[in-house]
Amino acid sequence: MELFTIYLPIAGVHFNVLVLLLIGFTVGVSGGFFGIGGAWIATPALNIFGLPMPYAIGTDLAHVGGKSIVSTMRHGRFGHVDVRLGMAMILGTTVGMEAGANLVLALERAGLAESVIRKAYVVLLVLTGTFVMADYLIHRRRQRRAAAGDPIPPPRAALAHRLQQIRIPPMVDFAASGIRCSLWLPVLVGLATGMVASVFGVGGGFIRMPALIYLVGCPTAVAIGTDLFEVMITGAYGAFTYGVKGRVELLAAMWMLLAAAVGAQLGTVAVKYVRGYSIRLLFAITIFVAAASVALKQLGLQLASSITILAAGIGISGVIIAQLVQGVLDERTGRHGPSTAGAGPGTSPPA
Amino acid sequence: MSRRISVLLADDRPARAERRSGASGRWASLPRRVTVGIAALWLGAVQALAAGGGRPASSAVNHADTSGLAPGLTRSMAELYNHSLWLYGLTVVVVMAGMGLVLGLLTDRIMAMLGVDLGRAARHE
């Protein structure tokens, strides 16, 4: 293993290249597939393998910027990036992050920051995961009823649909998403998600992606691509600011990006072969694992927390690649159609 | 330190009374706002530093040891880091963006060569 060990002069540590490649690949696959940066996998993983936490954060942010370019380019070619929507979200996110920082200060003043934030983070993850999972299960039940020929009650107007009906000028067409709504809707959603991300000290992709689906009304694939567009810009800014502060180990980031680019390409192309609801199911599972990891950290089990999240990342990446391979094989045999992860045998495809 | 700031900010009744008293109250509360602003900035900086992203530390901290490094990429990076953090930060962005672009195009090509259909994708919910 000595052969694969390199010296990282900025952090002043020796690190195994294979570990960097593994972490990069895992984060690349899941990031490209779910539309997230993946800092919650990469940062603890880099840290447990020996990179000091400040460098782990900066190095992860730097490679996220590069990796998101790969994913955004591919999603863009698939028609999954709504640039106009992304810009509106960025506007709101920027303000929201500032507001979130002020909220953290208020909690600091009340002496509640540490305890409240981490507990609230776990609750938010569990709620998000539960909401997405419930949505998936309702969708599956409707599918089964349709397959059995049972009458299906008309679906209730989704929250996103109701929000789109609010006519506050300027009304904007978001062509790539196929929606028309007030500009204030994505701005305010960006503001809310930015605030939450800032309070919890995370990139926020895991909140923005479901928010784009359930609040703005984006199709799943467009939510992923548009979120990655935003991650690309925030990642580039993060890379710069951490670089200037001397907290980026560029050599490590380059090795990670080599593997992350391949992973991001695979994860992004996999979106094409997996139905939106199946992506939501995998996303919900990932969110639950992240919640478990944060809960373990809260209990003081730092190592168990990091190992849990890294193992889950590798597992989820394996599932995504399996879905991709299956999709490509089906395409070649002329049975092209997005697969339904988690769908049992004998179920009909979604209507 | 955060407790000291809490004490500083805890009792805002006089300031509120001043605000109620009209325009002069608003101006009178300006120093307090400035204090709060500075405190907020300072707290933010401390938090960022705690997270690893604070202001550049002294050169003794932000210094890469190049003595044992052979000439090459690693040494060049370390020397750039020691020379100027601004230039290093800029290099990080340029390298990451450049690598992202090149690798994106390269992996795209490889996927196409493997026979994966990379045309515009239909959306399936």
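A polar contact, as I use the term, is a pair of N or O atoms within 3.5 Å, where within protein one atom must be able to donate a hydrogen and the other to accept it, and where residues adjacent in sequence count only if both atoms are side-chain atoms. By that criterion, eight residue pairs, both members at pLDDT 80 or more, are in polar contact between chain A and chain B.

This is a predicted model, so local features need pLDDT of at least 70 and side-chain atom pairs count only at pLDDT 80 or more, while totals for chains, interfaces and linings use all residues. Residues are numbered from 1 along each chain as its sequence is written, chains are lettered from A and ligands numbered from 1 in the order in which they are written, and side-chain values use heavy atoms, with hydrogens and water left out.

Turning to the interface, 59 residues from chain A and 54 residues from chain B take part in the contact, contact meaning heavy atoms within 4.5 Å. The two chains bury about 4900 Å² between them, 65% of it on carbon and sulfur atoms, where buried area is the accessible area (1.4 Å probe) lost on putting the two parts together, summed over both.

There are also two salt bridges between the chains, each being a side-chain nitrogen of Lys or Arg within 4 Å of a carboxyl oxygen of Asp or Glu. In one of these salt bridges, Arg77(A) meets Asp108(B) at 2.1 Å, N to O.

Finally, Phe34(A), if we leave out residues up to four places away in sequence, touches several residues of chain A, including Met209(A), Ile224(A), Phe283(A) and Ile320(A).
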